[in-house]
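Work through the exercises below with the sequence and the structure in view, and try each task before you read its solution.

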Amino acid sequence: MAGGMPDRNFLMSVFQQVDKDRSGAIDARELQSALSNGNWTPFNPDTVRLMIGMFDKKGSGTITFEEFGSLWKYVTDWQQCFRTFDRDSSGSINKDELKTAITTFGYRFSEPFYDVLMRRFDRSGKCSIHFDDFIQCCIVLHTLTSEFHQRDQDQTGTATFTYEQFMLVMARVL
C-alpha cells in the first residue's frame, strides 16, 4: 500500500505480532526482529534506533500504536524507493546505484565521498548496501544536512559550529 496509510485493523494485527511482550509499545529489540532486509540478515540495530528516535514522540524509547502507523508508512515508502534504485534487483545497492539515488535526492558529492559512504554503510564488505543500511545512510545525510542548513542561514555553503554542537549532532546520528 505504498503512498497511503494501510487499514487500521491490518496495522493493529501487525503491531500486536511485533509487540511480543504485550506491553502496548514496541521497543528496539521487538522492532528489529520484525524488520527484514529480504536476505535473512538481521536489521541493523543502529537503523532501528534512529527510526525509533524519529517516531518516538514521547521520548520513551518505544513506539506506540499511533506512532507505529507512521513508522510503517515510512519503512514501506523506503522499500519502494530502494527497489527503484536497485536497478539490477540484487537486493542491495552498489556504488553506482547509491550515487544515482543520492543525486536524485538533490545531493552533489565528489567521487571520494561516495567511497566513504560505501565504506561506512556497507556492513557486508561486499561493495553493496542492504536495505537497512540504505535507510540509515539517507537518515544520516538528511540529519547532517538539516543541521548544517540551520547554521548556514545565508546559504553560503559555510556553517559555524562550536565543538560541542558538532559533537551533539554527530552523537545523534552515529
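**Exercise 1.** Find which residues lie nearest the centre of the largest pocket, and which helix gives the most to its lining.

*Solution.* Of the 14 residues that line the largest pocket, Ala-34, Leu-35, Trp-72, Val-75 and Gln-79 lie nearest its centre, where a pocket is an open set of points on a 1 Å grid over the protein atoms alone, with protein on both sides within 12 Å along at least five of seven lines, and lining residues have an atom within 4 Å of a point. Next, look at the elements: helix 1, helix 2 and helix 4 each give two or more residues to this lining, and helix 4 gives the most, with 6 residues; helices here are DSSP runs of H or I with at least four residues, numbered from the N terminus.

This is a predicted model, in which local features need pLDDT of at least 70 and side-chain atom pairs count only at pLDDT 80 or more, while totals for chains, interfaces and linings use all residues. Residues are numbered from 1 along each chain as its sequence is written, and side-chain values use heavy atoms, with hydrogens and water left out.

**Exercise 2.** Decide whether Glu-147 is buried or exposed, and find its side-chain partner in a polar contact.

*Solution.* Begin by locating Glu-147 in helix 7, residues 131-151. Because its relative accessibility is 11%, Glu-147 counts as buried (under 20% relative accessible area, with a 1.4 Å probe and protein chains only). Finally, the side chains of Glu-147 and Arg-172 are joined by a polar contact of 2.2 Å (a pair of N or O atoms within 3.5 Å, one able to donate a hydrogen and the other to accept it; residues adjacent in sequence count only if both atoms are side-chain atoms).

Notes: Buried means under 20% relative accessible area, exposed over 50%, partly exposed in between (1.4 Å probe, protein chains only). On a 1 Å grid over the protein atoms alone, a cavity is a set of points where a 1.4 Å probe fits but cannot get out, and a pocket is an open set with protein on both sides within 12 Å along at least five of seven lines; lining residues have an atom within 4 Å of a point.
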